[in-house]
Amino acid sequence: MAMKIRYILYLLVMILGMSSCYDDKGNYSYDPKNDITVTFDASYFEAVLGETVKLSPKLTFAIDSNDVDLSYEWIFLGRKISDQRNLEWVVDTVVNYQSIYMNVIDNRTGVAYSGGISALLTSPYAKEAWVVLAKQNGKSVLSYIREKNEDDGSDYGKFTYEDVPDIYRLVNDEELGSEPVRVLEHFAGGGDLGNFWVLQNGGQGCVDLSGQDFTKDVLLNNIFLDGNLPTDFKPIDMIDMKWLTCVVNHDGKVYTRKKLTDQLYNSGYFIDRPLIFEGEEVDGSRFVLAPFAGLGFTVMYDKVNNRFLAISDLSKEVAGKGFKFAVDESAYAPDFARLNDLGTMEVLHTGYYEVNEGRGDQGYYSILRDRTTGNYYTHDFRVNEMKESANPSAFPVLQRQIDLSQVINGTSKNVFNVLRSWVFGKDFGTPYVLISKDNELWLYDRDAKLPVEKYYEFPQGQIITAIDSECVGSRRVAIGMQSGEFYVLDLTRKAVNGQKEKLLYASTHDFGEIVHIRYKVGYGNSWSF
């Protein structure tokens, strides 16, 4: 019996052994797998059309990298763009955040390992830049000044600039028009780059351009209902929000369109009836261009009635409805000019600034002049986001007399600018108001409340005609001249305190008489929604 049992066990061992040898034939699964992990130093990268991209992924082996037989393939948008270990590829398409995949194939086992990196590929003109509108030889000229930032170990990096004069003609092979007024970046809900309205009163009239490459998209005159343009239609300003677009005529009348969808830059039609509030046409010649997404409205100074109003954009249903601000009367100081009736005060300029509490609040800072005394005042108030059930609320912050006799004399050219950001701490804050006086740029620190001081003096004969500080952080400001010069100044605390050079860039190109400048933010800076 014992011998029989030993025999059976012997047969079982033989059968198992034979089975093991059979399974081993051509099968190496008993070896520990030398898995490969493909990683990149970053989660995404940016590049422009025509630029050479170089990527060197890291390969991590479960065991070691010795005695391996590998092949590679790089896949983008379903096509193979390389079979090399490291990618060197010339960007040939424009796309937002699509992944490039690297497949590593173990030729001994046929197993493929994959890793990816997201790519933001744009045209050369999609990047952040200053867009400059000028008048040259009687024609409108749109130019593009690309800003690049390199890490040089300093606090903010090294900025360099590249001029692309007359970009509209370069891209569209035609003249832009004449009688230029201003430019406006506006956005769609799909998250794409902002488009650019160019306001002008000659040639083809106002035109909307692609934010990707500045190709022509649509003409303003073609998107009025039934082709009915207002009488003597010469636009001077435009506000393009999520649901509502307002275009302001030279006589102050505001014409609107309600968009059919917020996913497109242009949908729906303008109507040739002016905007009405409380039974009267409003004067919209002083819209305050400011981020609206967190508030649900845009602030407007109604010059005829000398008051501030809110034009709603909270929803498609209430877009275009006007509101007075709800203010707690007890919050007013005795000498603070009321928002709904500024009395003897006239508004010279109103700009916006960010409030530390977040996107639900926003500050508005004005320079006022008392018609009876001629004195100047700063006027600071904040607004809260709009709710469906109530008027937007506001509360006064401070009104303070300011001596501007050195800057405003009734004959010099004055341009105003309120810097956006002052909430980033001691080293990053820019709590400044800029006022030009011909070729001089003066600065007022609204935080320290020190007397206004001359910040920079440009060469004699040059007259400042445009100022823009919309770049992220407002730490750089663009200055445009009547004679065609373009400058970039540093407005960081260190520059203001004289610890670093103020002038960052002086273009050698004559852009023509510069009438307006706008920083191209592209996707962010709280403008998109």
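Modeller: A strand here is a DSSP run of E with at least two residues, a helix is a run of H or I with at least four, and both are numbered from the N terminus. The model is predicted, so local features need pLDDT of at least 70 and side-chain atom pairs count only at pLDDT 80 or more, whereas totals for chains, interfaces and linings use all residues. Residues are numbered from 1 along each chain as its sequence is written, and side-chain values use heavy atoms, with hydrogens and water left out.

Colleague: In which strand is the place of Y72?

Modeller: Y72 stands opposite V104, a residue of β8. Seven bridges join β8 (residues 95-106) to the strand that runs antiparallel to it, β5. The place of Y72, within residues 70-76, is in strand β5.

Colleague: How far apart in space are Y72 and N107, C-alpha to C-alpha?

Modeller: Contact means heavy atoms within 4.5 Å, and, leaving out residues up to four places away in sequence, Y72 touches L59, S82, D83, Q84, R85, M102, N103 and V104. Y72 and N107 are 35 residues apart in sequence, while their C-alpha to C-alpha separation in space is 10 Å.

Colleague: Do β2 and β9 run parallel or antiparallel, and which residue of β9 does V48 stand opposite?

Modeller: Strands of a sheet pair through backbone hydrogen bonds, and they may do so in either sense. Five bridges join β2 to β9 (residues 111-122), and these two strands run parallel. The residue of β9 that V48 stands opposite is T122.

Colleague: Which residue in the turn of the β8 and β9 hairpin has a positive phi?

Modeller: β8 and β9 pair in the antiparallel sense over 10 bridges, and the bridge partner of Q98 in β9 is A119. The two strands form a hairpin with four residues between them, and the turn residue with a positive phi, about 80°, is G110.

Colleague: Which strands stand at the edges of the sheet formed by four strands?

Modeller: The four strands form an open sheet in the order β34-β35-β36-β37, with antiparallel pairing. The twist averages 20° from one strand to the next. Each edge strand has a single partner, so one side of each is left without a neighbour in the sheet; these strands are β34 (464-468) and β37 (503-506).

Colleague: Is N439 buried or exposed, and how far does its side chain lie from the backbone oxygen of F458?

Modeller: N439 lies in the loop between β31 (432-437) and β32 (440-445), and with a relative accessible area of 6% N439 is buried, a word used under 20%, with exposed over 50% and partly exposed in between (1.4 Å probe, protein chains only). Not counting residues up to four places away in sequence, N439 touches several residues, including Y456, E457 and F458. The side chain of N439 reaches the backbone oxygen of F458 at 2.7 Å.

Colleague: Which residue's backbone oxygen lies 3.5 Å from a polar atom of the side chain of S312?

Modeller: S312 is found in strand β24 (residues 307-312), and at 0% relative accessibility S312 counts as buried. Leaving aside neighbours within four places in sequence, S312 is in contact with residues among which are L244, G296 and M386. The backbone oxygen that lies 3.5 Å from a polar atom of the S312 side chain belongs to V318.

Note on methods. Pairing = 2+ DSSP bridges. Axes fitted to C-alpha atoms, helices over the stretch in contact; angles between N-to-C directions. Polar contact = N/O pair within 3.5 Å; in protein donor to acceptor, adjacent residues only side chain to side chain.
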